[in-house]
Amino acid sequence: MAAKKGDIVRYLNAVGGGRVLRIEGQTAIVDDDGFETPVPVRECVVVRTAEQDVAARPKPAANAPVVSAKAASAAKSSATSAPAQAPAPVVAPKAADSGIGGYEADSEPDEEEETPNGNVLNVVLGFEAINPREMSHTDYEASLVNDSNYYLYFTFLTAEADTPELWTTRYAGVVEPNIQLLLGTFTPEDVSRFDRIAVQYVAFKRRSSFEPKAPASVSYKVDTTKFFKLHCFRENMYFDAPVLAFQIVRDDKPCNTPEPQIDTAELEREMRRKKAADSRRPVRRRVEHHADNPNEPLVVDLHISELVDNTRGLSNADMLNLQIDRFRDVMRKNLRNVGRRIIFIHGKGEGVLRQALMKELSHMFKGHDVQDASFREYGYGATQVTIRNVRR
């Protein structure tokens with residue numbers, strides 16, 4: 001039976017419950033101990049319908065004192081402010097059981113099954129597209145995976161770009177050990193307003209002693225465009241379908257560890273050391289020809305910064321053409337210097353300039369010896385050309 005406004009419900013996959021205040025689409029807003037908690041309607045188990053609840057209320061006795069309208073209104077307001085709770089199971093209590101924080105201790109087994117590696121927290125928040133074929137119109141189901149032997153008190157929060165300092169509680173409750181809990185369904189309009197998401201949690205065990213885990217709050221800046229791109233939804237070990245996943249805890253470590261602060265004084269010292277080291281490095285000379293010493297290699301640096309003082313207004317194609325023109329000019333000036341070794345420094349980069357040089361050497365200047373220059377002297381981005389006696 002689907003829950004409706006006024007029903008008393010308990011949660012199917014979590015501890016807690018209360019009175020349904022309203023229904024918003026497929027989500028029930030439940031008054032859970034004073035908190036308005038959004039819960040999927042299918043996760044609500046009706047304990048008592050609104051009609052049964054009204055019928056169960058005590059009727060005033062025939063000789064009941066007359067109460068003023070003002071006092072009656074105040075009494076009604078006080079009654080509605082205290083949420084109705086689902087009745088606890090009636091069982092014989094054990095002397096050793098005392099219950100913890102709203103749990104019915106005698107409604108659970110004495111020992112809970114634990115996994116071998118479950119004493120290390122791993123928590124994942126995942127969004128699954130309900131209809132992946134219509135990414136611009138589909139709704140999304142948000143689920144929290146608790147891969148550990150701990151219970152987690154947690155809240156799932158979101159903030160919008162217009163008011164980043166204000167957060168909205170989307171879900172507040174408890175997730176049991178080694179379970180995936182559905183938090184709710186969100187429309188495309190909902191997720192498009194997400195600027196940040198956060199999960200706050202406290203871990204504990206109910207019946208056995210345990211190593212405490214530090215409470216934490218993990219938040220993410222959200223790129224909302226990823227919700228509408230199918231390739232952004234990936235396979236995940238905890239989900240049957242591809243999801244947009246946010247790792248909350250990995251191996252006991254919250255996953256939004258702040259970046260280390262930069263020590264500006266140390267940064268300045270490092271920059272000074274680097275500048276001094278650069279000043280001691282040998283400077284490659286731009287040499288076009290050594291007629292008096294033909295055995296010395298001719299070193300030509302084709303980096304664009306060596307060819308022009310300013311690249312403003314130059315496209316990538318313009319700069320490449322300048323570099324090729326420089327290469328052709330050097331080659332033409334040395335075609336009669338048989339045996340001359342020329343080192344063209346082009347850099348590693350993406351290899352565009354080197355490919356252009358190889359094309360020139362295969363067509364316009366073919367027949368000369370070509371090899372990689374010594375990386376010890378010139379690095380990995382240099383090519384050596386040895387001029388040969390080529391008839392044209």
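Rings of Phe, Tyr and Trp (its six-membered ring) are taken as a pair if their centres lie within 6.5 Å, with planes under 30 degrees apart counted as stacked, over 60 as edge-to-face and the rest as tilted. By this criterion the structure holds 18 aromatic pairs. The model is predicted, so local features need pLDDT of at least 70 and side-chain atom pairs count only at pLDDT 80 or more, while totals for chains, interfaces and linings use all residues. Residues are numbered from 1 along each chain as its sequence is written, and side-chain values use heavy atoms, leaving out hydrogens and water.

One aromatic cluster is formed by Phe 127, Tyr 140, Phe 156, Phe 186, Phe 194, Tyr 220, Phe 227, Phe 228, Phe 233 and Phe 246. Phe 194 is buried at 3% relative accessibility, where buried means under 20% relative accessible area, exposed over 50% and partly exposed in between (1.4 Å probe, protein chains only). Beyond its neighbours within four places in sequence, Phe 194 is in contact (heavy atoms within 4.5 Å) with residues including Phe 127, Phe 186 and Phe 227. Its C-alpha atom is separated by 7.3 Å from that of Ala 161, 33 residues apart along the chain.

Turning to the strands, an open antiparallel sheet is built from 5 strands in the order β10-β7-β6-β13-β14, two strands being paired if DSSP finds at least two bridges between them. β10 (179-186) and β14 (253-254) are the edge strands, each pairing on one side only. Within this sheet, β6 (residues 123-129) and β13 (residues 244-250) are joined in the antiparallel sense over 5 bridges, with Ala 245 as the bridge partner of Gly 126. A parallel pairing, over 4 bridges, links β15 and β16 (residues 341-345), and here Leu 298 stands opposite Ile 342.

Lys 213, in the loop between β11 (196-204) and β12 (216-221), is also worth a visit. This lysine is buried, with a relative accessible area of 11%. Its side chain makes a polar contact of 2.9 Å with the side chain of Asp 252; such a contact is a pair of N or O atoms within 3.5 Å, where within protein one must be able to donate a hydrogen and the other to accept it, and residues adjacent in sequence count only if both atoms are side-chain atoms. A polar atom of the Lys 213 side chain also lies 2.8 Å from the backbone oxygen of Asn 119.

Methods: Helix = DSSP H or I, 4+ residues; strand = E, 2+ residues; numbered from the N terminus.
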